[in-house]
Amino acid sequence: MLQVNALSCHRQGEWLFKALDFSVSGGELLEIRGDNGAGKTTLFKILAGLFDDFDGEVKWDLPGPPLFVGHRFGLNAQLSPAENLSFLMALNQGASSREDLEAALERFNLADVVDQPCRNLSEGQRKRVALSRLQLTDARVWLLDEAFSALDAKGRQVLTELCQDQIAQGGAVIFSSHQPVEGFGLTKVLALGKSL
Amino acid sequence: MWQWFHEWGSPKAFYMRSGKMLPWLGFLTVVLLSAGLVWGLLLAPSDYQQGQSVRIMYVHVPAAILAQSSYVMMAVAALVALVWRIKIADAAVQTAAPIGAMMTLLALATGSLWGKPMWGTFWIWDARLTSTLILFFLFVGVLALRSASGRGRNAGRAASVLALIGLINLPVIKYSVDWWFTLHQPASFTLTERPAMPVEMWAPLLVMVLGFYSWFAFTWILRLRLEVLQRESRADWVQRVVSS
Amino acid sequence: MRECKILVRSPADAVQSLLFVVMVVTLFPLAISPDPSVLAGIAAGLIWVVALLAALLAAERGIQADFADGVLEQMVLGNTPLWLLCLIKAFAHWLSCGLPLLLITPLLGTMLALEALEIYWMLASLALGLPVLSLFCTLGAMLTVGLDRSSVLLPLLIAPFLIPTLILGTQWVQSGGQSFYGYMLAALLSLSVVTLPLATGVAVRIAVSR
């Protein structure tokens with residue numbers, strides 16, 4: 001699905017990473033580890049196709065675009081979670097039904113704020129709104145930057161379940177996280193940073 | 001054709017080849033400009049209407065022509081940089097912009113100096129001066145966007161897009177300004193009409209125009225070489241050139 | 001659809017544009033002269049210039065927020081063609097700034113001593129010209145979003161491109177509605193609708209990679 005050859009990126013005067021080689025196929029989980037500033041977010045942006053100032057090759061073999069959830073959640077503060085979700089899904093795959101939206105939000109324990117403007121929600125709640133997309137999407141690859149941070153135990157559990165479902169269906173998940181994540185079986189690990 | 005593109009597209013090749021061209025170009029510039037200046041400012045006849053002050057035309061007209069041409073050239077380089085991602089084209093846009101801006105300023109300044117003896121005022125809203133002013137703003141816009149974009153490899157892309165939009169809009173702007181002017185032109189104004197110039201006048205003008213083009217090419221290549229050195233500063237060949 | 005909702009939730013933006021326009025139009029008689037014949041002479045141009053300024057001020061609306069929220073990223077990653085999304089953004093700009101202006105033009109015209117027929121032509125020229133302004137402003141916003149001092153940069157970049165629309169629009173009114181200008185404006189509008197969203201789409205990709 002994804003093949004990366006000799007990827008190097010130079011930003012603001014220093015090399016973030018040099019000559020990375022890795023690949024991800026269906027049914028695989030890739031964890032990207034590294035300290036803050038080691039280049040995880042840049043790598044995600046490169047993989048997502050948002051950033052193209054790099055050397056090397058990034059080859060995707062996918063029917064559609066990957067799903068990307070980054071630091072910024074893509075939520076407009078004045079719209080409700082349901083409206084935001086509906087918009088984000090519509091960008092990729094057309095309209096979603098109200099029931100589907102509610103079900104996805106409910107899974108993350110957001111049933112009671114479904115129609116409130118997002119500016120009233122806490123950071124953690126907003127993160128969960130962003131992650132609710134995972135249940136609705138049919139993207140084959142998920143790129144989740146800092147996926148597990150700012151979530152409580154229940155949220156992490158739901159996310160883990162979603163990822164496991166995705167893997168079981170032959171998709172792939174690439175994520176980064178500060179803390180070790182339990183609940184996954186075999187994962188590939190890519191470590192970035194000065195300690196390389 | 002593509003062969004030529006790719007040959008010149010590599011920064012190193014460009015640097016080496018232009019190095020050989022540069023002295024000749026410089027020589028040509030000096031010759032053309034000095035010949036043109038002497039001829040125009042001293043030897044050519046003075047206009048029966050405007051007297052000696054018409055000589056400013058020998059600087060103003062080439063500057064104005066070149067101001068516009070340089071924008072077109074810059075925008076073409078921008079197109080090459082955006083579509084074919086040739087790095088040196090991006091550097092070309094970056095280096096052309098300040099030269100073009102100064103050329104436009106020169107055209108404006110000489111235009112207004114010319115205006116004083118002719119119409120009694122330093123500024124007049126005629127079609128050409130106004131379009132030149134707008135051209136100046138277009139250049140400043142590209143420069144400003146460029147400098148705000150930072151220094152990455154792709155930093156110049158926004159400015160290149162702007163330059164291209166500017167190119168497409170340039171005819172529209174010129175057309176509408178010309179037209180606006182003809183609508184509001186007081187009856188006594190005959191600035192845009194000029195009686196046919198005798199050979200003794202347009203020949204030195206031609207020399208000056210060519211001289212300006214040559215000077216522009218010279219300066220552009222010079223700056224481009226410097227920019228190439230800066231951008232490729234990590235490469236080996238640059239270290240060798242700099243240390244030699 | 002989404003843009004409409006956002007607008008409705010924060011009507012303050014549209015009101016801000018309206019107030020700005022009325023304020024500036026009020027300033028001119030104070031600064032120059034309340035004499036109706038003077039005002040009527042400059043009215044067409046004045047309203048147009050104010051429209052331009054208001055459009056430039058409103059240009060970053062929505063786009064700046066979308067950039068900060070990460071919505072632009074999602075737009076680039078999605079399946080929907082970018083030019084369509086940009087066209088919608090330009091439409092949103094028109095809704096929040098152009099449309100209110102259009103609605104208040106009769107009032108402005110009266111304040112500036114325009115006659116009914118002139119106001120009619122004013123409306124016509126604005127109806128055709130304001131969308132062009134919106135398209136250019138959206139392009140400018142996408143080119144500068146995420147940069148330092150983008151709100152100063154944007155007017156500087158886009159103002160020259162607005163000049164043809166300005167000239168055509170004012171001439172249409174001042175010539176008493178000669179249809180030639182109308183056709184030119186319509187042509188300009190069609191050209192802009194077709195080309196600018198594409199360019200804006202390119203600009204979004206550039207913006208997102210910052």
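Helix axes are lines fitted to C-alpha atoms over the stretch in contact, and angles between them run from 0 to 180 degrees between N-to-C directions. Helices (H or I, at least four residues) and strands (E, at least two) are DSSP runs, numbered from the N terminus.

The model described here is predicted: local features need pLDDT of at least 70, side-chain atom pairs count only at pLDDT 80 or more, and totals for chains, interfaces and linings use all residues. Residues are numbered from 1 along each chain as its sequence is written, and chains are lettered from A and ligands numbered from 1 in the order in which they are written.

**Chain C**

Chain C holds nine helices and zero strands. Its C-alpha atoms occupy a box of roughly 55 × 35 × 30 Å along the principal axes. The radius of gyration of chain C, 17 Å, agrees with the value near 17 Å for a compact globule of 210 residues; this radius is taken over C-alpha atoms, and the globule rule is 2.2 Å times the number of residues to the power 0.38. Of the 210 residues, 52% count as buried, a class that requires 20 or more other C-beta atoms within 10 Å of a residue's own, with 12 or fewer for exposed, partly exposed in between, and C-beta atoms placed from the backbone. Two residues are in contact if their C-beta atoms, placed from the backbone, lie within 7 Å. Among contacts in chain C between residues at least 6 apart in sequence, 81% join residues at least 24 apart.

| Pair | Residues | Axes | Angle |
|---|---|---|---|
| α3(C) and α6(C) | 36-58 and 82-111 | within 10 Å | roughly 155° |
| α4(B) and α5(B) | 87-119 and 127-148 | 9 Å apart | about 155° |

With the axes of α3(C) and α6(C) crossing at roughly 155°, α3(C) is roughly antiparallel to α6(C). Angles under 35 degrees count as roughly parallel, over 145 as roughly antiparallel, 65 to 115 as roughly perpendicular and the rest as oblique. The crossing of α3(C) and α6(C) is right-handed; a crossing is right-handed if the near helix is turned clockwise from the far one by less than a right angle, and left-handed if anticlockwise. Residues of α3(C) in this contact include Ala43(C), Ile47(C) and Ala51(C), and those of α6(C) include His93(C), Cys97(C) and Leu101(C). The contact of α3(C) with α6(C) comprises nine nonpolar, four polar and no charged residues. Here Ala, Val, Leu, Ile, Met, Phe, Trp, Tyr, Cys and Pro count as nonpolar, Asp, Glu, Lys and Arg as charged, and the others, Gly among them, as polar.

In chain B, α4(B) and α5(B) pack at about 155°, which makes α4(B) roughly antiparallel to α5(B). Their crossing is left-handed. Among the residues that meet are Ala101(B) and Leu105(B) in α4(B), and Phe136(B) and Phe139(B) in α5(B). This contact divides into 14 nonpolar, five polar and one charged residue.

Chain A gives 21 residues and chain C 18 residues to their contact. On the side of chain A, helix α2 (residues 81-93) provides the largest share, six residues, and that side has 11 nonpolar, seven polar and three charged residues.

Towards chain B, 20 residues of chain C touch 21 residues of chain B. On the side of chain C, α8(C) supplies the largest share, 11 residues, and the side divides into 16 nonpolar, two polar and two charged.
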